[in-house]
Amino acid sequence: MACQTGIRANAALRNALNLGKQAKLRLIKIVVNNEEMTPNYEFAGTANWRDDWKACLPECVDAYEPCFILFRLNTITEWVLITFVDDRAPVREKMLLAATCATFKSEFGQCYIEHEKHVTDRKDLTLDSFESWLKAKTELGPMSEVERELHNAQQERAAIAHAGPQHMKGVAFPVDRNAEEALRKLAQQQLSFVQLSVRLLVDTLNEAIKLESTLDSLEPTALASKVPRDKPRYTFYNFDHTWEGVPQKCTLFIYSLPSSGSSIKERMLYSSCKGPFLSAAQNQYGVVITNKMEVDARDDLSEKALLEVIHPLPVEAPKQFSRPAPPRAGPRRITKV
């Protein structure tokens with residue numbers, strides 16, 4: 001698990017997360033310390049989660065130390081993720097916590113986190129306050145899968161907005177070695193097609209840009225069949241063609257982002273790391289991107305569509321409105337009444 005700051009989960013945190021998934025821990029408090037995510041406090045707990053809550057919270061948090069708190073409720077998979085960022089905490093600590101939030105949740109949260117809560121004051125961590133919040137949240141009524149994803153995404157954006165500044169521009173995930181090599185070959189025209197994905201490496205708790213496939217050559221008529229329309233992907237395509245009798249070489253970056261078939265969290269993940277990744281592709285691996293395309297499952301990826309992106313038709317200037325000529329001058333007319 002890593003982010004643009006290079007912060008990773010240390011061995012102690014990985015061990016605590018594994019124990020948590022086995023229901024051997026009731027509470028895990030996580031802080032950023034020495035450029036690592038590390039458990040600051042662990043509590044095994046009893047059979048009564050309410051008694052455990054009162055035994056730990058809010059005493060285990062410090063107003064000047066932003067943290068994540070994972071707390072297990074009734075079942076092995078019903079966890080609450082609390083992001084605690086007091087207004088009095090140092091700005092740098094808030095930024096570090098915000099930078100690690102999405103990557104931390106992607107490891108533990110996809111299967112286990114049922115509730116998310118952002119807290120800025122210790123008094124909101126009392127059991128009465130939490131149960132009131134949980135009751136209000138439950139009274140939202142049954143939601144469809146899409147509505148639940150939208151609600152969770154809204155909660156996630158709100159947490160990040162409270163935890164850090166608004167000008168943070170994406171998340172820079174590491175690029176694995178195979179992907180790096182493929183991008184360098186693409187830049188040297190040794191490959192025609194390179195496709196990558198954003199995937200979680202469960203063994204190291206890290207997210208990374210991973211290589212999906214490469215092709216030495218690919219006809220433009222076959223490009224559409226190589227871009228999946230049910231999951232996001234980053235695709236580079238070296239498009240050699242002739243335009244108005246002149247041979248041309250262009251490198252297209254195609255960001256395929258289907259509106260269905262992938263979760264909102266997955267689409268947010270691809271969107272958030274696209275900018276830093278493209279910067280690395282150009283500045284570190286030498287890829288010269290001629291044009292960029294963002295496509296949905298319904299969008300055209302034919303050769304004609306590629307040419308229209310690279311060589312758009314000139315836009316005609318709007319015609320100016322011709323003002324009618326003024327009436328001719330002549331003798332004054334007198335109307336008799």
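Predicted model: local features only at pLDDT ≥ 70, side-chain atom pairs only at ≥ 80, totals over all residues.
In which helix do Glu181 and Lys185 both lie, and how many residues apart are they? Both belong to helix α6, four residues apart, which is about one turn of the helix. Residues are numbered from 1 along each chain as its sequence is written, and side-chain values use heavy atoms, with hydrogens and water left out.

First, the overall picture. The protein chain comes to nine helices and eleven strands, taken as DSSP runs (H or I of at least four residues for helices, E of at least two for strands) and numbered from the N terminus. Of its 337 residues, 43% are buried; buried here means under 20% relative accessible area, exposed means over 50%, and partly exposed is in between, with a 1.4 Å probe and protein chains only. The accessible surface is about 18800 Å², and carbon and sulfur atoms own 49% of that. These areas come from the Shrake-Rupley method with a 1.4 Å probe, and for residues only the protein chains shown count as cover. As for contacts (heavy atoms within 4.5 Å), take those in the protein chain with a separation of 6 or more: 66% of them are between residues 24 or more positions apart.

Back to α6, which spans residues 177–187 and has Ala179, Ala182, Leu183 and Leu186 as its buried residues. They sit on the same side of α6, because they cover an arc of only 100° around the axis, the arc being that of the directions from the helix axis to the C-beta atoms. Glu181 and Lys185 form a salt bridge, with 3.5 Å between the closest N and O atoms; the rule asks for a side-chain nitrogen of Lys or Arg within 4 Å of a carboxyl oxygen of Asp or Glu. Glu181 counts as partly exposed at 43% relative accessibility, and Lys185 is partly exposed too, at 32%. Just after α6, Gln189 takes a positive phi of about 65°.

By this rule the count comes to nine salt bridges. One of them joins the side chains of Arg233 and Glu212, at 3.9 Å from N to O. This pair links distant parts of the chain, 21 residues apart: Arg233 is in strand β9 (residues 233–243) and Glu212 in strand β8 (residues 206–215). Arg233 is buried, with a relative accessible area of 10%, while Glu212 comes out as partly exposed at 33%. Another salt bridge runs between Arg88 and Asp86, whose closest N and O atoms are 3.1 Å apart; Asp86 counts as buried, since its relative accessibility is 4%.

Then there is the sheet around strand β4 (residues 67–72), where six of six residues are buried. In a regular strand the side chains alternate between the two faces of the sheet. In β4, Cys67, Ile69 and Phe71 point one way and Phe68, Leu70 and Arg72 the other way, all of them buried. Strands pair if DSSP finds at least two bridges between them. Strand β2 runs antiparallel to β4, with four bridges joining the two, and Leu27 stands opposite Phe71. Strand β5 (residues 79–84) is also antiparallel to β4, this time through six bridges, and Ile82 is the bridge partner of Ile69. Six residues lie between β4 and β5 in the hairpin that they form.

Lys29 lies in β2 (residues 27–33) and counts as buried because its relative accessibility is 2%. Beyond its neighbours within four places in sequence, Lys29 is in contact with a list of residues that includes Tyr41, Asp62, Glu65, Cys60 and Cys67. What about those two cysteines? The structure holds zero disulfides, a disulfide being a pair of cysteine sulfur atoms within 2.5 Å. The cysteine sulfur closest to that of Cys67 is in Cys60, 6.8 Å away and so too far for a bond. For Cys60, the closest one is in Cys56 at 6.0 Å, again too far. Both are covered: Cys60 is buried with a relative accessible area of 12%, and Cys67 is buried at 0%.
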